[in-house]
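These are my notebook entries on one protein chain. I set down what I looked up, entry by entry.

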Amino acid sequence: QVQLVESGGGLVQAGGSLRLSCAASGSIFSINAMGWYRQAPGKQRELVAAITSGGSTNYADSVKGRFTISRDNAKNTVYLQMNSLKPEDTAVYYCNAKGLSGSYSVEYWGQGTQVTVSS
């Protein structure tokens with residue numbers, strides 16, 4: 001089992017910045033990729049950014065150039081630096097971890113943190 005604890009959400013004006021953190025604990029050796037998803041009211045959950053254990057990253061087109069995902073392996077923590085925030089970035093942001101347990105794929109989610117961007 002892996003536990004994910006997010007922090008760093010809040011209220012910010014358009015154009016501002018926030019940094020989200022996600023600390024992983026438990027069977028972290030099973031994780032091979034971590035990422036951030038978001039879900040706005042009435043919309044489906046969508047991938048924002050992801051990073052593999054090797055450091056490869058990918059981003060949603062809507063956040064490219066504004067958001068940066070990174071990880072600190074020593075702290076078992078992944079970060080999402082969000083700059084130039086827009087009202088449409090308002091959502092609950094969820095940390096996600098994917099990995100293997102034996103031959104099975106496993107997936108874990110954090111509890112979510114609210115990000116609200118005012119215009």
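**Entry 1: the disulfide.** I began with a term: a disulfide is a pair of cysteine sulfur atoms within 2.5 Å. In general, a disulfide is a covalent bond between the sulfur atoms of two cysteines. I note that the model is predicted, that local features need pLDDT of at least 70, that side-chain atom pairs count only at pLDDT 80 or more, and that totals for chains, interfaces and linings use all residues. Residues are numbered from 1 along each chain as its sequence is written, and side-chain values use heavy atoms, with hydrogens and water left out.

How many disulfides does the structure hold? I found one. Cys22 and Cys95 form it, with their sulfur atoms 2.0 Å apart. The torsion about their S-S bond is about -85°, so the disulfide is left-handed. Because Cys22 lies in strand β3 and Cys95 in strand β9 (residues 91-101), the pair ties together parts that are 73 residues apart in sequence.

Cys22 is buried, at 0% relative accessibility, and Cys95 is buried with a relative accessible area of 0%.

**Entry 2: the four-stranded sheet.** I next looked up how the strands pair; two strands count as paired if DSSP finds at least two bridges between them. Strands of a sheet pair through backbone hydrogen bonds, either parallel or antiparallel. In this model, an open sheet of four strands runs in the order β1-β3-β8-β7, with antiparallel pairing. The edges are β1 and β7 (67-72), each with a single partner strand, so one side of each is left without a neighbour in the sheet. On average, neighbouring strands of this sheet are turned by 15° against each other, direction ignored. Such angles are taken between axes, which are lines fitted to C-alpha atoms (for helices over the stretch in contact), and run from 0 to 180 degrees between N-to-C directions.

I then examined β1, residues 2-7. Its covered face holds Val2, Leu4 and Glu6, while Gln3, Val5 and Ser7 make up the uncovered face. Six bridges join β1 to β3 (residues 18-26), and the two run antiparallel. The bridge partner of Leu4 in β3 is Ala24.

**Entry 3: the nonpolar core.** Which residues of the largest nonpolar core touch the most other members? A nonpolar core is a set of buried Ala, Val, Leu, Ile, Met, Phe, Trp, Tyr and Cys residues joined through side-chain atoms within 4.5 Å. The largest one has 29 residues, and Leu4, Met34, Trp36, Leu80, Met82 and Tyr93 touch the most other members. Among the strands that each supply at least two residues of this core are β1, β3, β4 (31-39) and β9. I also listed the contacts of Met34, contact meaning heavy atoms within 4.5 Å. Residues up to four places away in sequence not counted, Met34 touches, among others, Leu4, Cys22, Ala24 and Cys95.

Entry 4: Arg38 lies in strand β4 and is buried at 7% relative accessibility. I looked for its polar contacts, each a pair of N or O atoms within 3.5 Å; within protein, one atom must be able to donate a hydrogen and the other to accept it, and residues adjacent in sequence count only if both atoms are side-chain atoms. The side chain of Arg38 joins that of Tyr93 by a polar contact of 2.9 Å and that of Ser62 by one of 3.4 Å.

Arg66 sits in the loop between β6 (57-59) and β7. Arg66 is also buried, at 11% relative accessibility. A polar atom of its side chain lies 2.9 Å from the backbone oxygen of Ser62, and the side chain reaches the backbone oxygen of Ser84 at 2.9 Å.

Entry 5: Most residues other than glycine have a negative phi, and most peptide bonds are trans. Ser84 is not a glycine, yet has a positive phi of about 50°. Ser84 is placed in the loop between β8 (77-82) and β9, and is partly exposed at 40% relative accessibility. Asn76 likewise has a positive phi, of about 55°, without being a glycine. The loop between β7 and β8 holds Asn76, which is partly exposed at 29% relative accessibility.

Terms used: Buried < 20%, exposed > 50% of the residue type's maximum accessible area, 1.4 Å probe, protein only.
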